[in-house]
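Thanks, everyone, for making the time.

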Amino acid sequence: NVVNSSIKDIALPFKATIGAYPSPFSTSTNIIYTLSHPSKVSIHIYDLLGKEVTSIVEANAGSGSHTIEWNTANIPSGVYFLEMKAGDISLNKKIFKNK
């Protein structure tokens, strides 16, 4: 008798990362995020007082690496926070704008 066996798929945990390059930056920076699985993604930028400066992404995104250029020509110098929500993860990253 032949016995058929199969390996069950193991669900890998959802992982995400976010960053900006360059930081510090002057007129623009690239916001780079990665997803281990496709997910709905929202990325917002806040100032030091917690006021939303802009919304970068509100969309479904595939797995892998994604890059979005943020033009900051009309934004004052200072410290800003990236906030990304994807899946069940919420990430924050501090970035710096110079003149």
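Predicted model: local features only at pLDDT ≥ 70, side-chain atom pairs only at ≥ 80, totals over all residues.

Isoleucine 18 faces tyrosine 33, which belongs to β2, and between β1 and strand β2 (residues 28-35), which run antiparallel, there are six bridges. Strands here are DSSP runs of E with at least two residues, helices are runs of H or I with at least four, and both are numbered from the N terminus; two strands are taken to pair if DSSP finds at least two bridges between them. Residues are numbered from 1 along each chain as its sequence is written, and side-chain values use heavy atoms, with hydrogens and water left out.

The pair I began with is part of an open sheet of three strands, in the order β1-β2-β5 and with antiparallel pairing. Because β1 (16-21) and β5 (64-71) are at the edges with a single partner strand each, one side of each is left without a neighbour in the sheet. On average, neighbouring strands of this sheet are turned by 20 degrees against each other, direction ignored, where the axes are lines fitted to C-alpha atoms (for helices, over the stretch in contact) and angles run from 0 to 180 degrees between N-to-C directions.

The loop between β1 and β2 holds proline 22 and also proline 24. A cis peptide bond links tyrosine 21 to proline 22, with omega about -5 degrees, and another cis peptide bond links serine 23 to proline 24, with omega about 10 degrees.

Stepping back to the protein, it has seven strands and zero helices, and 29% of its 99 residues are buried, which is to say under 20% relative accessible area, with exposed meaning over 50% and partly exposed lying in between (1.4 Å probe, protein chains only).

Let me turn to β3, where six of the eight residues are buried. β3 runs antiparallel to β4, with eight bridges joining them, and also antiparallel to strand β6 (residues 78-86), with six bridges. With five residues between them, β3 and β4 make a hairpin, and in its turn glycine 50 has a positive phi of about 90 degrees.

Within strand β3 we find isoleucine 45, which stands opposite leucine 82 in β6. Why is isoleucine 45 called buried? Isoleucine 45 counts as buried because its relative accessible area is 0%. Leaving aside residues up to four places away in sequence, its contacts (heavy atoms within 4.5 Å) include Ile31, Trp70, Tyr80 and Leu82.

My last stop is aspartate 47, in the loop between β3 (39-46) and β4 (52-61). The backbone nitrogen of lysine 51, however, is 2.9 Å from a polar atom of the aspartate 47 side chain. Not counting residues up to four places away in sequence, aspartate 47 touches Val53, Val79, Tyr80 and Phe81.

Methods:
Polar contact = N/O pair within 3.5 Å; in protein donor to acceptor, adjacent residues only side chain to side chain.
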